[in-house]
Each structure stands twice: as C-alpha cells, then as structure tokens.
Amino acid sequence: MSQLVSIDTSEGVRTIRWNRPEKKNALLREMYTAAAEAIETGETDREVRVFVLGGTPGLFTAGNDLIDFMEAPPHIGGSGDMPPVERFMRALMTAKKPIIAEVDGLAIGIGTTLLMHCDLAYASDNAAFKTPFVDLALAPEFASSLYFPARLGRSAASDLLMLGSTWDAARAKEAGLIADVFPSAEISSEVRKRALILATKSPGALRTAKALMQAPEEPAEDRMAREGGLFAEMLSSPEFAEAAAAFMERRAPDFSKFG
Ligand code: COA
C-alpha cells in the first residue's frame, strides 16, 4: 500500500484518503493504483460495506499531478495497458457498494469530476470546486460532459466546464453537486456518522437501489416494471425476512450476516 494513500477499514467502512499534502494532494499514478486496489478488494470483502473517499485536513485534491500526467499522458479507453487513472475511475464507477466523498478544501479537476461517480458527496465550508480543463486547453473527462449537464443543468455545467468558475460549498450544494455542508472541523465525523448508518443497512437493498440509480435512462413504465419485479423478488429474500422480523419484534434489524 502506498503511503501517499492511507487506507483504513473499521466497523464496515473502508476509508481511502489522498495523503500528499505537500503537493496539495495532487494525484500520481501510484496513488490511483493504490486507491483502485482498495476499492476492488473492498468490493469482494464482506467486512467492507461502505467506502469513504477523502483527503487530508483542509485539502481534498488539486487533481492530476501535472508533471506525472505529462510524463505519461493517459489514453483513456485506448488499447494497451489501462492507465492507473482509468483503473481508479472504473473502480469508482462500477463499485456496487456505496461510496461517500468527503471534500474538505480544494477539489480541482478530477477531484470534482469524480463526485459524479460517488453516491453521496459532502463538503466542508471551505471547499472549492473547479474543473479547469478548458483553461488548460484540455477536454472534460470521465463522462463529466454527460453527467454535469444532466445533473446540474446545462448552464451550471458550462459555468464549471467552460468558464472554469470556482464554486464554493454553498454554490455546490445549491446546484446539487453535494448533499450537504459542514464546518471543516466536523466534516470527517459527520461523514463517518453517515457511513456507519449505511454500513448497518441491508447490503442487498443498497446494491439494488444503487444499480437502479446507475442504470441508463428508460421510459418510466419500463422502470416501474423493473422496480416492481425487484420489489416482488426481494419480498422473499432473507434480508427482508430479517427487516420484517425486526419490525415485529421492535428491535433494530441485524444485516451483519448478509454480504
Ligand atoms: N500537479 C502537480 N503539482 C501540484 C499540483 C498539481 N496539480 N497542484 C499543486 N502542486 C504543487 C505545486 O507545484 C507546489 O509544489 P512546490 O512546493 O514543489 O513548488 C505545491 O503543490 C504547493 O502548491 P502551490 O501552488 O504552491 O499552492 P497554492 O496554495 O498557491 O495553490 C493550487 C494551490 C492547487 C490552487 C495550485 O497549486 C494549482 O492551481 N494547482 C494546479 C491545479 C490543476 O490545474 N490541476 C489539474 C487539473 S487537470
């Protein structure tokens, strides 16, 4: 494990933190590889129920390390070995377990792009979001040209992707980029609180809800039928049996034996 990325697993939560504050947590290939491995192995580890992705106090990330980037320009979706940044982003995009982003401070470039691929994002009141790709004469990345307009609206997306504006936490919350804002001193504990709540929920139900929200758009009738089929199927699952028994017995459900 690279020391440039700290990985800790406890109480069902795997926390992955960029840890290169002297370079504003700018991301090197080895950091992407370490974080990708942490997600990939966590996906098959029953002890891991939820991921948290964060940085160091007051600093999420300044994005790709521009020197490393120029040394080995990644060819995303190309033939040959998959670049570490692509491996990391694919791990994030395809994870079936919930991922929470904890943004304390700067989130530049991929630091903002990756939020589109997390299930929940929280920020501190000193967060700053910026995607300066046009300023660097580069293109948007990892489907942000699709997700930003779809989720934030075309105008807000262009404010980030074309104008290169810096958004503070309030603006990011208003636009729906993040779920909530906390004081910097409290963000880690607030995120942890929520991660622990997710870690106790039915893993099957979380997987299903996530997969549905990630599925490509379809007519509402089709989606309703798909949800209905899953709902009926899940009514006979052992996880529902546990939820129902807990309700009848007036106790908290225990989903710890389900993976
Ligand atoms: N790649 C490589 N090194 C980076 C970096 C990046 N993306 N961001 C910061 N650093 C390095 C700086 O070169 C500096 O290194 P040094 O101490 O050896 O000179 C160190 O981190 C501290 O950065 P500095 O610029 O002195 O801090 P600052 O507080 O004045 O500014 C930023 C911080 C993040 C606003 C500024 O560094 C910046 O704009 N970085 C580039 C962001 C970017 O364009 N990301 C890529 C998107 S694709």
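Let me start with a definition: a contact means heavy atoms within 4.5 Å. In this protein, if we take the contacts with a separation of 6 or more, 67% of them come from residues 24 or more positions apart.

Two notes on what you see above. This is a predicted model, where local features need pLDDT of at least 70 and side-chain atom pairs count only at pLDDT 80 or more, while totals for chains, interfaces and linings use all residues. Residues are numbered from 1 along each chain as its sequence is written, and side-chain values use heavy atoms, with hydrogens and water left out.

Now the overall picture. What about the radius of gyration? For 259 residues, a compact globule would come out near 18 Å, and the protein has 19 Å, which agrees. That radius is taken over C-alpha atoms, and the globule rule is 2.2 Å times the number of residues to the power 0.38. Along the principal axes, the C-alpha atoms fill a box of roughly 60 × 40 × 40 Å.

How much of the protein is buried? Buried residues are 45% of the 259. Here, buried means under 20% relative accessible area, exposed means over 50%, and partly exposed is in between, using a 1.4 Å probe and protein chains only.

On to the charges. Side chains of opposite charge can pair when their charged atoms come close. We call it a salt bridge when a side-chain nitrogen of Lys or Arg is within 4 Å of a carboxyl oxygen of Asp or Glu. The structure holds 18 of these salt bridges.

Please find Arg20 and Asp65, whose side chains meet in one, at 2.7 Å from N to O. Arg20 sits in the loop between strand E2 (13-18) and helix H1 (29-43), and Asp65 in the loop between strand E4 (59-61) and helix H2 (66-71), 45 residues apart. Are these two buried or exposed? Both Arg20 and Asp65 are buried.

Next, Arg29 and Glu71 form a salt bridge at 3.6 Å, N to O. Arg29 is in helix H1 and Glu71 in helix H2, so this pair ties together parts 42 residues apart in sequence. Arg29 is partly exposed because its relative accessibility is 35%, whereas Glu71, at 59%, counts as exposed. Together with Asp68, Arg29 and Glu71 are linked in a network of salt bridges.

Technical notes
Helix = DSSP H or I, 4+ residues; strand = E, 2+ residues; numbered from the N terminus.
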